[in-house]
Amino acid sequence: MDETEFWELVDATREGAEGDPEEQADLLVERLLQTDPDSVLDFARHFESRYNRAYRWDLWGAAWVLLDGASDDAFDFFRCWLIGQGREVFEGAVHDPDSLADLVDDFDEEIDGDGEELGYSADEAYEQLTGVVAPDLGIPPAPPEPEGTPVDFENESALAETYPKLWERFRG
């Protein structure tokens with residue numbers, strides 16, 4: 001599975017789930033079960049590499065504003081959700097986290113921002129296909145600390161200044 005096929009699968013399942021991340025995760029498992037174990041591992045590598053790429057302080061700050069707070073776990077689940085939003089939203093957010101204010105249309109605080117289940121889709125599909133746990137993906141792990149300059153989550157004026165569009169839309 002190449003990068004284009006990865007994003008097509010993400011988009012198709014998001015549309016099929018009408019934006020619900022848990023439903024999208026279920027659809028991803030269903031679609032991955034229609035492939036072979038190697039394709040599932042390819043999907044997992046694409047997902048994990050993007051998940052690691054999004055481990056950035058500036059993106060965590062954006063998640064903090066968007067979600068009105070984001071613990072370590074919440075930021076992990078946010079990164080899964082962000083991948084589930086598709087290539088345009090993911091790439092836009094990685095390049096300019098404040099652009100999430102423009103990239104995310106409807107944001108339902110009850111379901112959006114938390115894509116924990118999406119992070120397990122490939123593992124679940126692989127186990128169902130093979131009966132064993134997925135092997136190591138052979139990609140570099142995420143760094144121990146997020147990339148970039150740390151963000152002071154408690155400094156609301158700095159957050160408002162750094163993420164003006166997100167602040168106005170979600171906290172203003």
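Contact here means heavy atoms within 4.5 Å. The model is predicted: local features need pLDDT of at least 70, side-chain atom pairs count only at pLDDT 80 or more, and totals for chains, interfaces and linings use all residues. Residues are numbered from 1 along each chain as its sequence is written, and side-chain values use heavy atoms, with hydrogens and water left out.

**Stop 1: F78 and the core**

Select F78. Leaving aside neighbours within four places in sequence, F78 is in contact with L59, A63, L66, L67, L100 and G113. Now widen the selection to the largest nonpolar core, which has 50 residues. Such a core is a set of buried Ala, Val, Leu, Ile, Met, Phe, Trp, Tyr and Cys residues joined through side-chain atoms within 4.5 Å. Buried means under 20% relative accessible area, exposed over 50%, and partly exposed in between, with a 1.4 Å probe and protein chains only. Which members touch the most other members? They are F43, L59, F78, L82, L100 and L166. Helix α4 (residues 57–67) gives the largest share of this core, 8 residues. Helices are DSSP runs of H or I, at least four residues, and strands are runs of E, at least two; both are numbered from the N terminus.

**Stop 2: aromatic rings**

Show Phe, Tyr and Trp side chains. Rings (for Trp, the six-membered one) pair if their centres lie within 6.5 Å; planes under 30 degrees apart count as stacked, over 60 as edge-to-face and the rest as tilted. By this rule there are 14 aromatic pairs. Pick W7 and F90: their pair is tilted, at 5.9 Å centre to centre and 40 degrees between the planes. This pair links distant parts of the chain, with W7 in helix α1 (residues 3–16) and F90 in helix α6, 83 residues apart. W7 is buried at 3% relative accessible area, and F90 is buried at 0%.

Next, take F107 and F170. The ring centres are 5.5 Å apart and the planes stand at 75 degrees, so this pair is edge-to-face. F107 lies in the loop between α7 and α8, F170 in helix α10 (residues 164–171), 63 residues apart. F107 counts as buried, at 15% relative accessibility.

Move to R79. Its charged end sits over the ring of Y51, 3.9 Å from the centre. The rule is NZ of Lys or CZ of Arg within 6 Å of the ring centre and within 35 degrees of the ring normal.

**Stop 3: S99**

Select S99, in the loop between α6 (87–95) and α7 (100–103). Is S99 buried or exposed? S99 is buried, with a relative accessible area of 11%. Beyond residues up to four places away in sequence, S99 touches G92, A93 and K165. The S99 side chain reaches the backbone oxygen of G92 at 3.2 Å.

**Stop 4: helix α8**

Select residues 121–130, helix α8. S121, A122, A125 and Y126 are buried there. They cover an arc of only 125 degrees around the axis, which puts them on the same side of α8. The arc is that of the directions from the helix axis to the C-beta atoms. Their cover includes α2 (21–32) and α3 (37–53). Just after α8, G131 takes a positive phi of about 80 degrees.

**Stop 5: D26**

Finish on D26, in helix α2. D26 counts as partly exposed, at 43% relative accessibility. T13 is 13 residues away in sequence and 8.7 Å away in space, C-alpha to C-alpha.

Key. Polar contact = N/O pair within 3.5 Å; in protein donor to acceptor, adjacent residues only side chain to side chain.
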